[in-house]
Amino acid sequence: MAPDSSARNTKRVTITDVARHAGVSTAAVSKVMRNAYGVSAAMQERVRAAIDELGYRPHTAARGMRGRTYTIGVLLDNVRNAFFADILDGIREELRDGEYTVLIGAAGFGAEEQARTIRSMVDRQMDGLILIAPATPRPEVLATAEATPTVVIGHHDSSDAHDSVVDADDLGAGLVVDHLVSLGHQDIALVSAAGNKTGRWQRTPEIALTDGYLQAMERHGLAGHARVHHAAYSDDGGHAAGTALLTGADRPTAIMTGADVAALGIYRAAHDLGLSIPGDVSLVGYNNTAIASLAPVQLASVDQAGHTMGTAAARMLIERVEGRRERAMQTTMTPRLVLRRSTAAPRPR
């Protein structure tokens, strides 16, 4: 029988009330709330039902006094990058049935802005951090990770201090070059973020992507045609890069980018210049975001499983937060090229 709603308004429901209602111990309720090991499906169902029926909400301040706030901070640089939405969906799905709340820090591209946001998350005693390709200097991230469980998404630098989730970006670049060469392209340009050399990260996604591109071009005997144009991973950054490349004397016949959001900017630049894709230039993105499959776009793109990256990062982080694992891990996604209508054989010149 459901409790009277007026009683719910006059007396706060406690974990003891939940345990009594479910016919279990308070320790069992705590285990269910923490998604701890050794809890049966039947126990999970009984306790969750009691929580829903009683309208129980754990007291955040009290939990914080016990050493945990049940909040997870996620740092990203650009809320307009649709790939980050895929990662966030994965994080939320993994944490959906637990007690953790995800708080997002959209800090922009600047290293100091990001560092300030990370410090703010730590000051608020968040239980763990997920940093998506941080521009913050590596020494500061390592120092943060020593005190607060941290997962870094994107950067390939391994560490004993934090967990990592990465894509095999060099392999992804190779898939794109191999495909474009099979169509007959030789003049293939790469648009990649410049990265932050002062950050002291040795293997950022853009470095891995560029290495893979250059190696693939060399493998096909096209090293002399290789060129890398640096631009921010944003629509404006892609538009500027596309304008520069497509108005040059030696216009490439194909362009690959390190992010779909930049590819869309290149798409827009081609349209502004009266050029067609793929008639005048083939175009390939990276991340395979939802917008790439839209009918007017149909952008070929490398899928690096953003949703899976998010679920893996959240799962790894909670393992560290709850003391289930002490040793650092690195999980690598295997990229795959999703072909659509944005690539074709080059026109004779």
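Me: What is the volume of the largest pocket?
Reply: This is a predicted model, in which local features need pLDDT of at least 70, side-chain atom pairs count only at pLDDT 80 or more, and totals for chains, interfaces and linings use all residues. Residues are numbered from 1 along each chain as its sequence is written, and side-chain values use heavy atoms, leaving out hydrogens and water. A pocket is an open set of points on a 1 Å grid over the protein atoms alone, where a 1.4 Å probe fits, with protein on both sides within 12 Å along at least five of seven lines. Filling it with probe spheres set on the points gives a volume of about 650 Å³.

Me: Which residues lie closest to the centre of the largest pocket?
Reply: Lining residues have an atom within 4 Å of a point. The largest pocket has 34 of them, and the closest to its centre are Asp77, Ala133, Ala193, Glu206 and Tyr233.

Me: Which helices each supply at least two residues of that lining?
Reply: Helices are DSSP runs of H or I with at least four residues, numbered from the N terminus. Those supplying at least two lining residues each include α6 (82-95) and α10 (205-219).

Me: What share of the protein chain is buried?
Reply: Buried means under 20% relative accessible area, with a 1.4 Å probe and protein chains only. In α12, buried residues include Leu264 and Ile266. Of the 349 residues in the chain, the buried share is 52%.

Notes
Buried means under 20% relative accessible area, exposed over 50%, partly exposed in between (1.4 Å probe, protein chains only).
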